[in-house]
Amino acid sequence: MNLLKNLNPPQKEAVLHGEGPLLILAGAGSGKTRVIVHRIAYLIRQKGVPPWQILAVTFTNKAAGEMRDRVERLVGPGDLPLISTFHSACARILRREIRHLGYDGNFAIYDDKDAEKLLKEIIAELNMDEKKFPAKSLAAAIDGYKNMGQAPEDVPTGDFFQDKLAQVYAAYQERLKRCNALDFGDLLLLTVRLFESAPEVLTRYQERYRWILVDEYQDTNPVQYRLVKLLAGERKNLCVVGDDDQSIYRWRGADIRNILDFEKDFHGVKVVKLEQNYRSTRTILTAAGKVVEKNRGRKRKTLWTDNPEGEPIDYRRLADERDEARFVCREIERHARKGGSLSDVAVFYRTNAQSRVVEDAMVADGIPYHMVGGMRFYERLEIKDILAYLKVLDNPADEVALKRIINTPPRGIGHATVDKIADLANRQGISFYDALRTAATGGLLAAGPQGKIAGFVQLLERFKHLAGTVPLSELASHIIQESGYAGRLSDERSEEALDRLANLQELLSALGEFERTNEERTLSAFLEQVALISDLERGEQGRESATLMTLHSAKGLEYPLVFMIGMEERLFPHVRALDDPEQMEEERRLCYVGMTRARERLYLTNTHRRRIFGQEQFNHPSRFIGDIPKDLLDVHEPGIGIREMGTGDWGPEEPLQAPEPFRHNLAAVFDTEPDFPNEVRVVPEESEDIHIGMKVRHAKFGVGAIRKIEGRGDEQKVIVWFNTVGPKKLLVRFARLERV
C-alpha cells in the first residue's frame, strides 16, 4: 500500500484506524497534515468510503486548500470529500436548510463592517450614547457570546452594561433576520440551532457525513464543539487532530478543554500520539519540552527526533532594546555572510509594539524585512492618526493630514461639512486650515456643524501653543488624550485594545528616543526621519527578506533560524498573566510554539533595561529561560548568576501601571486595509567614489552608512543612516562626506 509508504508506526496506526472516535495528539512538527490526508485517502481507496460521506474541517481557507490539493494528489481526479473551514461548511448547510429557522436560503452574509454599521443604527434607535457603547465593542461582545453558543436571552444581566448589551444583541438579531442576513458568528450558531431544533435535518446530515475529521481541534470553541458532537451522532466516526500544547487562542474563544476532555466526551476513544518531530534539533526540542511540561492542564507526551543534536540555544542578555535589536541584525548579517538566506530568518516578539526598534535597526543596517500578520510600525492606523495630528501642527496647510483627523476620533463632522469647507478653500484660494477657521466663525455652516468645527479649531490651536513649549513626547501624549483618542479607545472592549495601546506607547518611546539622540529636536526633524525610514523601507519591497511577527502569528510556520526577543517577566510572560494561572499556562504554550518553529538555531534574548510606557523598566529574565536546562544554553550574560536567569520563585505581581494618559483599557478596533505605498524603485547611480553600504563620516552627524543614492552629478543625493541621529538625506556636493 503506497499510502503507508514513508509513514512511521504511530502515523500508520492513525491512518489505519477503523470505526469509532480517534484522537490524534500531534506534537509540533510531527506530520499531522500528512496523517489527515493519508487517512482520507485510505478511507476512499482502501475502505471504499464514497468521498461525499467524508467531511474534513479546519480553520483557514489556506489550510483547507492545501489539504484538498494533497488529497487529490493521493486519490486522483474526480469527486473529493468536502474539505473546508467551519464557516464554509455551515454556510453550505444553511443555504439548503435555513428555511426551518424562518430565513430564506439566499441570505446575505454580513462582514464585520456591515455588522458594525447595523449596530450603529440600533444604538441610535435605542437612544444610547455611542461613546459609552461603541459599535465595535458591542460587536466583539456579541461575537464572543455566539462563539460560546449563547443567544440574546442567555446573556447574563444584572449590571448596567450587560443589560444594555442584552438589549442591543436582541435588537441586532431581530434586524439581521428582517434583512435575511447572517453574520459570521451566526453561520455556526444557527447551524447548531438548526440541528437541535430539526432532528430530521440532523439525521440527514449524520447519514451524509459518516466520517468526520477535524484539524487543529485544540482551537475549537464551544459552539464548534457542539456542532461536531451533533454531526458525529451515535456512529461517532470522528477523528480529531490537535496538540493541547499549542492551544494559544483562548482570547479568541478557543477552549482547551475540548481536546483535554475528548476521551470523557466520547467513549471508546482510540488515542494515537505522534511524538516524532521532523523539524527541530534535539537541543531545541528538549528545551521546548522542558518549558511546556510545567503546565498542569496538558496531555502527557514527549517529543523526540532523529535529527542531529544541533548547537546550544544562544541566550543573550543585552543592555537595552536598541542593543538587542542591533545584536539581532549582527547575527542575521553573519548568517548571510556564511551564505545563508535572509528568508531563513524569523524574529518573534510577544506584542506588535516591540517591532519598532527591530524595524529601525534593520532599516539602518539595510536588512530587508517583511511582516506577517501585521504591518510596519509607521503604517499602523493609530500611529498614522497621531502622526497626522503632528503633521498638521508642523504644517497647517497639510490638507491630507487635516482631512484625516478632522473626524478622528469621531466628533460629528460629516462628509457634507468637509466638502463645504473644501469648496470654500477652492473658491477663495486659501488653505483648507484657513477655510476651517473661517467656517468656525462665519455663516457658512448651520449652528450645529459650525460649533463642532469651532471646537476642532480650538483644539488644534491649543496643540499649536503646546508644540513650542513641551517636549515632543509630551506633546504627543497631550494629543492622544485631549483629542479624545484615548478616551474613545478606552470605552472599547476588545483584545486588540492592548495591542493598539502598546503601539501608542511605543510611539511616545520613539519620540523620547529621538529627543535623546538628536541634536535637532524639532517636530519637523522627527517627521522627516519618519519619512526617510518609510522611503528606505519601500526600496526593500520585492527583495529576499527576513520575517518579523508576533508569536501568535508564528503558529504553523518554521524557519532555520529563529530569534525570540523580549524574554522578560511582564513582557513574556505578559503582565496580564502574572495573576491568572490559566493565562500563564497559555503563555507557556505560546513560548513552546515559538521555540518549536526553529529548525536549526534558536536565539533567546532579553535586556537589563527596557523602555515601556515611555518609562525605563528593569525586568527579571523570563521564567521560561529558567525552565530550560542550563546545559542546553550558550549563555552570554557577564556577571549574571544562574538564579537570576529565571529560576526564582515567581509569584503574582502588581500589574504594571501606565502613566497618564494611558491608564485606560484602550481598544484598537480600527479595522482597515493597510495603506501600503506604491513600490518605488530607484536605480542608484553608483561610482567609484560613492556606493550603497559605504561607511562615511559627517562633520556634524558623525559616522554612518550610505543606504540610498538618488540622481547624479551636482544634484546627487544620498540617504545616510548615522549611528547617532538615524537617517538624513544630504546633497552630496555640500555634505563633505569622508570615507571611513
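Student: In which segment is the place of Asn6?

Tutor: The model is predicted: local features need pLDDT of at least 70, side-chain atom pairs count only at pLDDT 80 or more, and totals for chains, interfaces and linings use all residues. Residues are numbered from 1 along each chain as its sequence is written, and side-chain values use heavy atoms, with hydrogens and water left out. Helices (H or I, at least four residues) and strands (E, at least two) are DSSP runs, numbered from the N terminus. In these terms, Asn6 is placed in the segment before helix H1 (9-16).

Student: Is Asn6 buried or exposed?

Tutor: Buried means under 20% relative accessible area, exposed over 50%, and partly exposed in between (1.4 Å probe, protein chains only). Asn6 has a relative accessible area of 61%, so this residue counts as exposed.

Student: What phi does Asn180 have?

Tutor: Most residues other than glycine have a negative phi. Asn180 lies in the loop between helix H7 (160-178) and strand E5 (181-183), and its relative accessible area of 15% makes it buried. Although Asn180 is not a glycine, its phi is positive, at about 70° for Asn6 and, for Asn180, about 50°.

Student: Which proline is joined to Thr408 by a cis peptide bond?

Tutor: Most peptide bonds are trans. The bond from Thr408 is cis, with omega about 0°. The proline lies in the loop between helix H17 (399-405) and helix H18 (415-428), and the residue is Pro409.

Student: Where is Pro573 found?

Tutor: The peptide bond from Phe572 to Pro573 is cis, with omega near 10°. Pro573 is found in the loop between strand E13 (559-564) and helix H25 (581-595).

Student: How many residues apart in sequence are the parts that Phe327 and Tyr603 tie together?

Tutor: Rings of Phe, Tyr and Trp (its six-membered ring) pair if their centres lie within 6.5 Å; planes under 30 degrees apart count as stacked, over 60 as edge-to-face and the rest as tilted. Phe327 and Tyr603 form an edge-to-face pair, 5.9 Å centre to centre with 65° between the planes. Phe327 lies in helix H14 (residues 321-337) and Tyr603 in strand E14 (residues 598-607), so the pair ties together parts whose separation in sequence is 276 residues.

Student: Which helix holds Phe526, the partner of Phe514?

Tutor: Phe514 and Phe526 form an edge-to-face aromatic pair, 5.4 Å centre to centre and with 75° between the planes. Phe514 is buried at 2% relative accessibility, and Phe526 is buried at 1%. Phe514 lies in helix H23 (residues 496-517), whereas Phe526 lies in helix H24 (residues 523-538).

Student: How many of the residues of helix H15 are buried?

Tutor: Helix H15 (residues 355-365) is mostly covered. Among its buried residues are Arg356, Glu359 and Asp360.

Student: Which residues does Gly693 touch, not counting residues up to four places away in sequence?

Tutor: Gly693 is found in the loop between strand E17 (633-636) and strand E18 (695-698), and at 42% relative accessibility it counts as partly exposed. Contact means heavy atoms within 4.5 Å. With that exclusion, Gly693 touches Ala705 and Ile706.
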